[in-house]
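Thanks for coming, everyone. Let me put the structure up, and then we will walk through it piece by piece.

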Amino acid sequence: MTKKLFIKSYGCQMNVYDAQRMTDVLKPIGYTVTENADDAHLVILNTCHIREKAAEKVYSELGRLNLLKNKRVGEADRMILAVGGCVAQAEGAEIVRRAPYVDMVFGPQTYHRLPEMVARAHRDAGVVLDTDFPAESKFDHLPEQTTVQGYAAFLTVQEGCDKFCAFCVVPYTRGAEFSRPPQQIMEEAARLVDKGVREITLLGQNVNNYHGARDDGSEWSLGRLIRELAQIDGLSGIRYTTSYPADMNDELINAHRDVDQLMPFLHLPVQSGSDRILKAMNRRHSSDDYRAIVGRLRDARPDLALSSDFIVGFPGESDKDFAATMDLVREIGFVQAYSFKYSPRPGTPAAANEYQVAESVKTERLAALQDLLNEQQLAFNHACVGQQMNILLERPGRKPGQLVGRSPYMQAVHVNAPDSLIGEVVALAITDAHGNSLSAELATAPDGQNVKGLMRQSKTQKRAIA
Ligand code: SAH
Ligand code: F3S
């Protein structure tokens, strides 16, 4: 009998990748994916613990799912309810207490043991709890990746983090930093490309610190890995995320200069523009370090578009500190960004800090920062109008006849084009800009991006903002 599997992922892209790997590991024991929790035999919430809101969502969703579960009593039709991901890792016992009807709770490092856990959940009436950090790597035990959705894929190359930023739960939920061996990654990438993937995003919580050990004892940095991946025939785009500013090294910066497939877009979280706050956050960069790194990157790849993460209202953040963040944003110019109110996370050093910032102040600062970031994003999007770009068309859009892709600079691009172009890299002329996306038409002019024109415009745009 085939059994139906429903996975709902929250949070980061690594969870999206993990969900596919869970699907791969459950396939041999008869599970196929369904888009609907109602008729699923196994429901997995793949959770995120990064901010309080994300974690709390899990409990309300579990309440809803329990109603479904109660309707499905017959043994053959029984629903197993599971919580995976970082909430499971951080508060496994708490989940069992608050939602005793959950059958399985398992952390991000144990996905290779899922078949065994499912069997145990079927046999036992009690809850199966597996939140170890096993000595063996899950990557050595997962089957070859077979679930490929579409033409742009994620590939986890590094996991965990040893940076211990004072606000962040990742080092506790994902464990110590670990780089997968280059050989394993090269093979997985080749298989993805074989299955039609054209663009790969390399994932890691601290991906630019990637250093994978080879059999001969030597190591590859991320820059080296990107150069090697670029040799794979048919792979037209490479991206990576997320990067830690202090780990930006010359080899990677030079890859931005030399590797055509490496997209001119970089997500480089700065968190704050205040040196005092950066220090309190235990970030290993000052605001000037960040400026210098961006300068080197832009020297290497002048049209590089930058994105970032910001936290407002970190404990002790004064008006002056916040003003420094706004200044840095004005100076650097981001084409896109994520910004959050500081959310105290249990067990992290900053949560115990006595100088917490009032909620009303956080709200005000976040609104001001987001206004500025949105303004920059819109200005950049407008600067793209009139440009020609080569864009991978990934899937049909919401409107009939419409396809969607991503520009080299990560904007979503909508174009009216035949379905036969899905999975192709196509020259598009950008015709219109919106807050979060671009409209385009099929370009009739010869191929090739007008990068120079875009650079000129983005410089003008930066002046207009400053
Ligand atoms: N390097 C990681 C970053 C993890 S968290 C990665 O792989 O993406 C993503 C972002 O969430 C962080 O950059 C930070 O801006 C934000 N964040 C993390 N902890 C937070 C907290 N306690 N409160 C608010 N925002 C937080
Ligand atoms: Fe978190 Fe800082 Fe690592 S934000 S993931 S502890 S680099």
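**From a strand to the domain interface**

Start at valine 43, which sits in strand S3, residues 42–47. Keep in mind that this is a predicted model. Valine 43 is buried, and its relative accessible area is 0%. What does valine 43 touch, leaving out residues up to four places away in sequence? The list is Phe6, Ala37, Leu65, Met79, Ile80, Leu81 and Ala82. Look also at leucine 5. That residue and valine 43 are 38 residues apart in sequence, yet their C-alpha atoms are 6.1 Å apart in space.

Buried or exposed? Histidine 49 has 4% relative accessibility, so it counts as buried. Its contacts, with neighbours within four places in sequence set aside, are Ala55, Cys86, Val87, Ala90, Glu91, Val169, Thr173 and Arg345. Now take glycine 160, which is 111 residues from histidine 49 along the chain. The C-alpha atoms of those two are separated by 14 Å.

H1 covers residues 13–26, 14 residues in total. From first C-alpha to last it reaches 20 Å, close to the 20 Å expected at 1.5 Å a residue. Why call H1 largely enclosed by the rest of the structure? Because 12 of its 14 residues are buried. Among them are Met14, Tyr17, Met22, Val25 and Leu26. The buried set also includes Asp18, Arg21 and Asp24.

Next, ligand 2. Which residues are around it? Cys161, Lys163, Phe164, Cys165, Phe167, Cys168, Val170, Pro171, Tyr244 and Arg283. By class, that shell has 8 nonpolar residues, 2 charged and no polar ones.

Now some backbone details. The peptide bond from threonine 241 to threonine 242 is cis, with omega near 5 degrees. Threonine 242 is in the loop between strand S13, 237–241, and helix H8, 250–258.

Glutamine 271 has phi near 75 degrees, and it is not a glycine. Its loop runs between strand S14, 265–267, and helix H9, 275–280. Glutamine 271 is buried, at 7% relative accessible area. Asparagine 282 has phi near 65 degrees, again a positive value in a residue other than glycine. Asparagine 282 lies in the loop between H9 and helix H10, 287–300. How accessible is asparagine 282? It is partly exposed, with a relative accessible area of 32%.

Step into H10 and you find serine 287. Serine 287 is buried, with a relative accessible area of 5%.

On to alanine 358. This residue lies in the loop between strand S16, 336–341, and H12. With 39% relative accessibility, alanine 358 counts as partly exposed. Proline 315 is 43 residues away along the chain, and the two C-alpha atoms are separated by 9.4 Å.

That brings us to helix H12, residues 359–383. Its 25 residues should span 36 Å at 1.5 Å a residue. The end C-alpha atoms are 36 Å apart, so the helix agrees with that expectation. Which residues of H12 are buried? Lys362, Arg365, Leu366, Leu369, Leu372, Leu373, Gln376, Gln377, Phe380, Asn381 and Ala383. Here is a point to hold against that list. In an α-helix there are 3.6 residues a turn, so residues three or four places apart point the same way.

Last, the domains. The protein chain divides into domain 1, 3–130, domain 2, 147–382, and domain 3, 388–465. Take domains 2 and 3. Their C-alpha centres lie 24 Å apart. In the contact between them, 23 residues of domain 2 meet 25 residues of domain 3. Together the two bury about 2100 Å², with 61% of it on carbon and sulfur atoms. Which residues of domain 2 lose the most area to domain 3? Tyr151, Phe380 and Asn381, together 27% of what that side buries. Phe380 and Asn381 are also among the buried residues of H12.

That is the tour. Happy to take questions.

Note on methods
Residues are numbered from 1 along each chain as its sequence is written. Chains are lettered from A and ligands numbered from 1 in the order in which they are written. This is a predicted model: local features need pLDDT of at least 70, side-chain atom pairs count only at pLDDT 80 or more; totals for chains, interfaces and linings use all residues. Side-chain values use heavy atoms; hydrogens and water are left out. A residue is near a molecule or strand if one of its heavy atoms lies within 4 Å of it. Ala, Val, Leu, Ile, Met, Phe, Trp, Tyr, Cys and Pro count as nonpolar, Asp, Glu, Lys and Arg as charged, and the others, Gly among them, as polar. Helices (H or I, at least four residues) and strands (E, at least two) are DSSP runs, numbered from the N terminus. The expected span of a helix is 1.5 Å times one less than its number of residues. Buried means under 20% relative accessible area, exposed over 50%, partly exposed in between (1.4 Å probe, protein chains only). Domain bounds come from an automatic or database domain assignment. Contact means heavy atoms within 4.5 Å. Buried area is the accessible area (1.4 Å probe) that two parts lose on being put together, summed over both.
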